[in-house]
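Hi everyone, thanks for coming.

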Amino acid sequence: MTQAAAKKTSMVVKKVAVAVGKAVAAAGKGIAALVAAGGPVLILIMAIVLVAAILASAVGIFFSSEDNSPGTVTVRQVVQETTQEFSQEIETIIANNAHDELVVHYATSGYLRADNWIDILTIFAVETTTAEDGMDVLTLDATRAQLLKDTFWKMVSIGQEVQVSIEEIAILDEDGNDTGETETVEHKTLVITITGISAWDYADQHGFTPQQKELVEEMLSGDYDSYFEELLGTASYTGDGTGVVGTGSFIWPSSASDLVSSPFGTRVHPISHEISTHHGIDIPAPHSSEVLAADAGTVTIATFHDSYGFYVEIDHGNGYKTRYAHCSVLNVAVGDTVNQGDVIAQVGSTGVSTGPHIHFEVFENGVRKDPLGFFNNYTTEW
């Protein structure tokens with residue numbers, strides 16, 4: 001083998017030891033027979049063939065980030081672009097529909113929550129490699145990148161409806177007193193419905209063969225989660241978050257990450273590259289992992305914002321409020337009462353964001369405070 005091929009083979013052996021275990025086991029008898037018949041040269045040939053087969057299969061997606069050839073992109077880049085398109089679509093709907101109130105509904109199928117990229121990448125990899133005119137997913141060129149985006153929009157859709165209600169409101173005089181008269185006004189509610197289907201439901205709806213379904217089952221078995229996380233840029237968190245100790249009544253808003261990637265205060269914005277004030281802290285965490293209520297309270301905001309993306313704000317009733325932004329899904333609505341530790345949302349990268357994380361803010365009597373001042377220990381990377 002060439003040096004490049006040897007390096008690639010070494011990388012495969014190290015990174016997919018668990019993932020290809022079943023494939024190696026399945027090939028074991030055949031290799032043993034070849035050993036008996038022909039010796040070590042045939043073993044080497046079989047090893048090369050096995051590696052080539054792995055790279056040409058759906059598993060090849062896990063090595064796409066290794067290809068830096070001109071004209072190629074990474075999965076993370078395509079995911080970020082698609083997530084931004086998803087956010088832009090919602091912003092356009094909001095801007096084009098006059099409304100007094102915004103409501104977001106989730107009509108999900110299976111366990112897919114809005115934009116579960118593990119499901120989406122699984123379907124993309126299986127469909128692309130097993131199609132009649134299939135191709136590998138080891139290289140993400142413009143064609144494959146568009147196929148990945150198309151898969152997202154086949155599995156996630158955004159609907160809209162403006163509901164108009166008639167309300168009678170009291171007419172007040174200049175002193176604010178009720179005149180006894182009323183006027184009729186229209187109240188417009190913009191309802192945005194985000195529908196997502198799971199990989200399994202997609203496979204059923206699109207007539208996957210038993211072999212394709214077997215691949216979907218293998219990819220979603222859990223053995224590949226760490227590789228998905230690496231592709232999606234969510235493997236940088238260092239702990240589960242449960243070890244972070246609050247100084248008062250707050251608990252850490254993530255049970256999946258204890259890392260802080262961007263602190264409170266002045267910083268260089270990661271997207272605009274301008275010096276600006278960061279009003280909270282950023283906690284990188286796995287996509288779709290749980291966002292927890294830092295304390296009990298009442299939900300005062302649960303909506304979409306062009307910068308925050310999907311976000312929740314909770315009034316804790318003691319002069320404190322907390323805000324949780326860039327979510328993929330909101331599990332609560334305005335007016336809901338939540339307990340400390342309740343799951344209020346799932347981690348995402350909506351709005352202005354470079355990757356899945358929780359943007360966490362704390363307000364004390366209307367003034368933003370450094371959230372890290374409410375915790376005794378934490379991990380940082382800045």
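This is a predicted model: local features need pLDDT of at least 70, side-chain atom pairs count only at pLDDT 80 or more; totals for chains, interfaces and linings use all residues.

Residues are numbered from 1 along each chain as its sequence is written, and side-chain values use heavy atoms, with hydrogens and water left out.

So, how many salt bridges does the structure hold? There are 9 salt bridges, where a salt bridge means a side-chain nitrogen of Lys or Arg within 4 Å of a carboxyl oxygen of Asp or Glu.

Take Glu85 and Lys149, whose side chains meet at 3.0 Å, N to O. This pair links distant parts of the chain, 64 residues apart: Glu85 is in helix H4 (residues 75–96) and Lys149 is in helix H6 (residues 142–155). Helices here are DSSP runs of H or I, at least four residues, and strands are runs of E, at least two, numbered from the N terminus.

Buried or exposed, what is Lys149? Lys149 is buried, because its relative accessible area is 12%, and buried means under 20%, exposed over 50%, partly exposed in between (1.4 Å probe, protein chains only). Glu85, at 32%, counts as partly exposed.

Next, Arg144 has a salt bridge to Asp136 at 3.8 Å, N to O, and another to Asp141 at 2.7 Å. Arg144 is buried, at 11%, while Asp141 is partly exposed, at 23%.

Last, the surface: Ile166, in strand E2 (residues 156–172), counts as exposed at 55% relative accessibility.
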